[in-house]
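Hi everyone, thanks for coming.

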Amino acid sequence: MVLILLFIPFFYFQEGGCSVPVAVHTEVKGSMLYLTGAVYSLDGADCLKDTMQTVVEIDNKVSESAQECVHAGVTANSVSSSALEAAEKLGMDLANALLNKGAKDILTTARKLNDAR
């Protein structure tokens with residue numbers, strides 16, 4: 001569930017979907033959650049890629065208030081609200097970092113090429 005919450009904000013902020021070349025990869029090592037995101041040109045010649053990480057406390061003890069916690073349109077049961085918030089923020093932060101590096105230009109070109117087909 002936590003990994004899903006990384007993808008949703010990342011794709012949303014990148015205005016991603018099935019027709020744009022956006023990719024994400026996640027990895028959990030202990031309490032560290034890593035997210036790598038990338039934006040590619042359609043021919044693969046241009047690529048922006050970055051990795052960010054955050055600490056998440058994933059345990060089986062969940063407060064009553066977190067049992068019905070909703071983030072990014074997903075209801076997460078049995079996941080702490082702090083873990084959900086950290087994952088969601090990580091996805092948004094990485095998307096913004098890539099946009100600041102020029103991902104918007106790559107995605108705009110990809111959309112135009114896809115629309116022309």
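Before anything else, one term: a nonpolar core is a set of buried Ala, Val, Leu, Ile, Met, Phe, Trp, Tyr and Cys residues joined through side-chain atoms within 4.5 Å. And please keep in mind that what you see is a predicted model.

OK, so which residues touch the most other members of the largest nonpolar core? That would be Val-39 and Leu-98, in a core of 16 residues. The elements giving two or more residues to this core are strand E2, helix H2 and helix H3. H2, which covers residues 81-100, is the top contributor, with six residues. As a general point, nonpolar side chains in soluble globular proteins tend to be buried together.

Let's stay with H2 for a moment. Ala-95 sits in this helix. Is Ala-95 buried or exposed? Its relative accessible area is 0%, so Ala-95 is buried. Now look across to Val-39: Ala-95 and Val-39 are 56 residues apart along the chain, yet their C-alpha atoms are separated by 9.7 Å.

Next, the strands. E1 runs over residues 22-29 and E2 over residues 32-40, and they pair in the antiparallel sense over eight bridges.

As for Ala-38, it is 13 residues from His-25 in sequence, and the C-alpha to C-alpha distance is 8.9 Å.

Now helix H3, residues 103-116. H3 has 14 residues and reaches 20 Å from its first C-alpha to its last, close to the 20 Å expected at 1.5 Å a residue. Which residues of H3 are buried? They are Ala-103, Ile-106, Leu-107 and Ala-110. Looking down the axis of H3, the buried residues fall within an arc of 95°, so they line one face of the helix. What do they pack against? E1, E2, E3 and H2. On the other side of H3, Asp-105, Lys-112, Asp-115 and Ala-116 are exposed.

Last thing: how far can we trust all this? The mean pLDDT of the chain is 76, and 65% of its residues reach 70 or more. Confidence is highest in E3, at 94, and lowest in strand E4, residues 69-71, at a mean of 48. Over residues 62-71 the pLDDT is below 50, although this stretch has 24 contacts in the model beyond near neighbours in sequence. Where pLDDT is low, the predicted coordinates should not be read in detail.

Conventions
Residues are numbered from 1 along each chain as its sequence is written. This is a predicted model: local features need pLDDT of at least 70, side-chain atom pairs count only at pLDDT 80 or more; totals for chains, interfaces and linings use all residues. Side-chain values use heavy atoms; hydrogens and water are left out. Two strands pair if DSSP finds at least two bridges between them. Helices (H or I, at least four residues) and strands (E, at least two) are DSSP runs, numbered from the N terminus. Buried means under 20% relative accessible area, exposed over 50%, partly exposed in between (1.4 Å probe, protein chains only). pLDDT is the predictor's confidence in each residue, from 0 to 100. Contact means heavy atoms within 4.5 Å. The expected span of a helix is 1.5 Å times one less than its number of residues. The arc is that of the directions from the helix axis to the C-beta atoms.
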